[in-house]
Each structure stands twice: as structure tokens, then as C-alpha cells.
Amino acid sequence: MREYRAEDFDTVTILWRISREKSLPEFQTLKGHFFYEDQEYFRDHILMEDNLWVVEANERPVAFIAMNGEFIDQLYVHPDYQKRGIGKALLDHARQLSPQHVWLYTLQINAHARLFYEKNGFIAEKFGISPPPESEPDVEYHWRKT
């Protein structure tokens with residue numbers, strides 16, 4: 001794991017898109033965002049507001065986490081590298097950075113993500129609606145040191 005670098009932009013935004021398309025294909029089709037819009041959002045919001053770390057395999061990023069303080073804004077693992085402990089390693093990194101409390105949102109329909117977070121000690125504390133442009137039912141998850 002290492003800090004994100006500017007030259008990671010294309011690889012990370014591609015893996016971000018692929019991960020979302022594989023995990024929720026119908027949702028991605030329904031929302032209809034173009035890849036260039038994803039890149040603009042990543043550049044103008046995620047890179048501006050968060051600190052990012054990537055996990056590499058074969059000298060290429062295969063996963064990343066974006067955090068703002070104790071908030072996990074984004075956590076994605078390329079589908080070809082899932083179920084190898086990379087996601088857990090990213091959560092462990094988040095807990096090292098914020099050892100008392102970490103929190104995040106995921107969509108209610110994302111059953112795989114919800115199972116992953118619950119398996120790793122996160123508790124669903126609030127159900128609501130995500131802000132635009134998604135405006136979809138979401139879940140607020142928290143992990144607290146016990």
C-alpha cells in the first residue's frame with residue numbers, strides 16, 4: 001500500500017468504474033454517467049477533498065481507499081483482485097489512521113458491500129437517502145473501537 005500519485009489517475013478511475021459496473025450493473029446503467037463525468041468527479045471532488053492510498057499488484061493499482069478524516073469516502077477493489085484480503089487491508093489501514101472510529105456510506109442495494117463491512121465489524125446505524133446525483137437509499141455504517 002502506498003499513497004496515491006498523479007500518474008495513478010487513469011488506472012484508478014478505470015478500476016473505480018469497472019468495480020461499480022461489476023458490483024451493480026443495473027444501477028450503473030440506470031444512472032447513465034459517462035466515464036469522462038466519473039473522471040471529472042474524481043478529479044474535482046475526491047482528489048480535492050480526500051487523502052488516497054492505493055494497493056498495487058504487478059506495479060499497477062488494483063484497489064484504493066479515499067478518506068476524509070475518519071470518513072471512508074471511497075473503497076474499491078478491482079473485481080479480478082477481490083476476495084484476496086485487499087479490502088480488509090484497506091479497512092485496517094483506515095483503522096490505523098483513525099483508531100477510535102471510522103464510518104462510511106454504501107447503497108442499500110449493494111448487498112456484497114454491506115456483507116463485507118458487517119463481516120469486518122461495521123454496524124449499520126442509519127438508513128436514508130444519498131445526496132444527488134444518486135438520490136438512492138443508503139446505509140450509514142460505523143466502526144468503533146471497543
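**Surface, fold and cores**

Modeller: The protein exposes about 8600 Å², and carbon and sulfur atoms supply 52% of that area. Please keep in mind throughout that this is a predicted model.

Biologist: Okay, and how many helices and strands does the protein have?

Modeller: There are 5 helices and 7 strands, and read along the sequence they follow the pattern β-α-α-α-β-β-β-α-β-α-β-β.

Biologist: What does the radius of gyration say about the overall form?

Modeller: The protein has a radius of gyration of 14 Å, which agrees with the value near 15 Å that a compact globule of 146 residues would have. Along the principal axes, the C-alpha trace spans about 40 × 35 × 30 Å.

Biologist: What share of the residues is buried?

Modeller: Buried residues make up 44% of the 146 residues. As for the contacts with a separation of 6 or more, residues 24 or more positions apart account for 56% of them.

Biologist: Which residues touch the most other members in the largest nonpolar core?

Modeller: That core has 23 residues, and the ones touching the most other members are I65, I72, L75, I86, L90, Y117 and F122. Two or more residues each come from β2 (51–57), β3 (60–68), β4 (71–77), α4 (86–97), β5 (101–107), α5 (111–119) and β7 (137–144). Apart from this core lies another one, of 11 residues, among them F9, V12, F64 and A66.

Biologist: Switching to rings, which residues form an aromatic cluster?

Modeller: One aromatic cluster is formed by Y4, F9, W16, Y41, F42, F64 and Y76. The structure holds 13 aromatic pairs, and in one of them the rings of F34 and Y36 have centres 5.7 Å apart and planes at 10 degrees, so that pair is stacked.

Biologist: What sits over the ring of W16?

Modeller: The charged end of R20 sits there, 4.3 Å from the centre of the W16 ring. Elsewhere, R95 lies over the face of W143, at 5.2 Å from the ring centre.

Biologist: What about R95 and W143, which residue is in contact with them?

Modeller: N120 is in contact with R95 and W143, and also with K88 and L91, leaving aside its neighbours within four places in sequence. N120 is found in the loop between α5 and β6 (123–129), and at 13% relative accessibility it counts as buried.

Biologist: Last topic, the backbone: what is the phi of E59 and of K83?

Modeller: For E59, phi is near 65 degrees, a positive value in a residue other than glycine, and K83 likewise has a positive phi near 65 degrees. Most residues other than glycine have a negative phi.

Biologist: Where are E59 and K83 found?

Modeller: E59 is in the loop between β2 and β3, and it counts as exposed because its relative accessibility is 74%. K83 is in the loop between β4 and α4, and with a relative accessible area of 86% it is exposed too. From C-alpha to C-alpha, K83 and F64 are 15 Å apart in space, and they are 19 residues apart in sequence.

Notes. Residues are numbered from 1 along each chain as its sequence is written. This is a predicted model: local features need pLDDT of at least 70, side-chain atom pairs count only at pLDDT 80 or more; totals for chains, interfaces and linings use all residues. Side-chain values use heavy atoms; hydrogens and water are left out. A nonpolar core is a set of buried Ala, Val, Leu, Ile, Met, Phe, Trp, Tyr and Cys residues joined through side-chain atoms within 4.5 Å. Buried means under 20% relative accessible area, exposed over 50%, partly exposed in between (1.4 Å probe, protein chains only). Helices (H or I, at least four residues) and strands (E, at least two) are DSSP runs, numbered from the N terminus. Rings of Phe, Tyr and Trp (its six-membered ring) pair if their centres lie within 6.5 Å; planes under 30 degrees apart count as stacked, over 60 as edge-to-face and the rest as tilted. A charge sits over a ring if NZ of Lys or CZ of Arg is within 6 Å of the ring centre and within 35 degrees of the ring normal. The radius of gyration is taken over C-alpha atoms; the globule rule is 2.2 Å times the number of residues to the power 0.38. Contact means heavy atoms within 4.5 Å. Accessible areas come from the Shrake-Rupley method with a 1.4 Å probe; for residues, only the protein chains shown count as cover.
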